[in-house]
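User: I am new to reading protein models and would like a close look at one part. Could you take me through the salt-bridge network and what surrounds it?

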Amino acid sequence: MKLANRHGWTAYGLALAIIVLDQLSKHWILFAYDLPSRISEQAAGPFYLTMVWNQGVSFGLLRADQDLGRWLLVGFSVVVAIVLAFWARRADRGLMGAALGLVMGGAIGNAIDRARFGAVVDFIDVSRLYFPWVFNIADAAITIGVILLLLDSLRRDAKPERTRP
């Protein structure tokens with residue numbers, strides 16, 4: 001079994017950092033700041049902290065109200081993270097490693113919430129900037145990771161232009 005290259009290790013380290021940051025922020029929101037009792041409060045300018053228990057897959061879509069749906073989503077998130085971990089072992093570019101790490105960390109962060117609470121803890125609210133969803137650090141990591149994967153694939157597929165003599 002081949003060990004991960006340096007981009008793979010970057011992916012694993014970034015995934016771990018996202019999981020820790022995500023879970024620490026959710027712990028603070030739930031138990032130190034007690035956002036569930038406050039519902040929503042302005043933090044700064046258009047940035048609000050708003051408590052949402054997301055039972056859906058992403059941005060509240062495809063709700064999993066039943067226990068079976070919850071555990072299927074947990075299992076799916078773990079399988080995705082495992083597949084990405086194997087992919088990260090073969091990452092040959094830094095952008096790809098970073099992207100995979102962000103998606104892995106976000107998937108595991110949200111899976112932990114589903115396993116613990118039956119729903120994902122969302123609290124970052126920038127709806128005053130016309131972004132209608134409330135999200136968390138794991139969601140942001142997944143979104144940024146997917147965008148970076150797309151950019152990496154475009155860079156990889158682009159053929160260098162030939163220069164004329």
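Analyst: Asp22, Lys26 and Asp113 are linked in a network of salt bridges. A salt bridge here is a side-chain nitrogen of Lys or Arg within 4 Å of a carboxyl oxygen of Asp or Glu. Before we go on, please keep in mind that this is a predicted model, where local features need pLDDT of at least 70 and side-chain atom pairs count only at pLDDT 80 or more, while totals for chains, interfaces and linings use all residues. Residues are numbered from 1 along each chain as its sequence is written, and side-chain values use heavy atoms, with hydrogens and water left out.

Let's zoom in on one link of the network. The side chains of Asp113 and Lys26 meet in a salt bridge, at 2.6 Å from N to O. Asp113 lies in helix H4 (residues 94–117) and Lys26 in helix H1, so this pair ties together parts that are 87 residues apart in sequence. Helices (H or I, at least four residues) and strands (E, at least two) are DSSP runs, numbered from the N terminus.

Are these two partners buried or exposed? Asp113 has 0% relative accessibility, so Asp113 counts as buried. Lys26 counts as buried too, because its relative accessibility is 1%. The cut-offs are simple: buried means under 20% relative accessible area, exposed over 50%, and partly exposed in between (1.4 Å probe, protein chains only).

Now look along helix H1 itself. Leu24 has its place in this helix, and with 55% relative accessibility Leu24 counts as exposed. Together with Leu16 and Val20, Leu24 forms a nonpolar patch on the surface, with about 290 Å² of accessible area in total. Patches are made of residues with over 30% relative accessible area and no salt bridge; like charges are joined within 9 Å, and nonpolar side chains (Val, Leu, Ile, Met, Phe, Trp, Tyr) within 5 Å. Accessible areas come from the Shrake-Rupley method with a 1.4 Å probe, and for residues only the protein chains shown count as cover.

Helix H1 also has a helix partner. H1 (residues 6–32) and H3 (residues 67–89) pack at an angle of about 150°, with their axes 7 Å apart. Axes are lines fitted to C-alpha atoms, for helices over the stretch in contact, and angles run from 0 to 180 degrees between N-to-C directions. From H1, the contact is made by His7, Gly8, Ala11 and Tyr12, and from H3 by Ala85, Ala88 and Arg89. Contact means heavy atoms within 4.5 Å. By kind, the residues of this contact divide into four nonpolar, two polar and one charged. In this count, Ala, Val, Leu, Ile, Met, Phe, Trp, Tyr, Cys and Pro are nonpolar, Asp, Glu, Lys and Arg are charged, and the others, Gly among them, are polar.

Finally, let's step back to salt bridges elsewhere. How many does a search of the whole structure find? That search finds six. One of them joins the side chains of Arg38 and Glu41, at 3.3 Å from N to O. Arg38 counts as partly exposed, at 36% relative accessibility, and Glu41 as partly exposed at 29%. Another joins the side chains of Arg128 and Asp125, at 3.3 Å from N to O. Here Arg128 is partly exposed at 40% relative accessibility, whereas Asp125 is buried at 5%.
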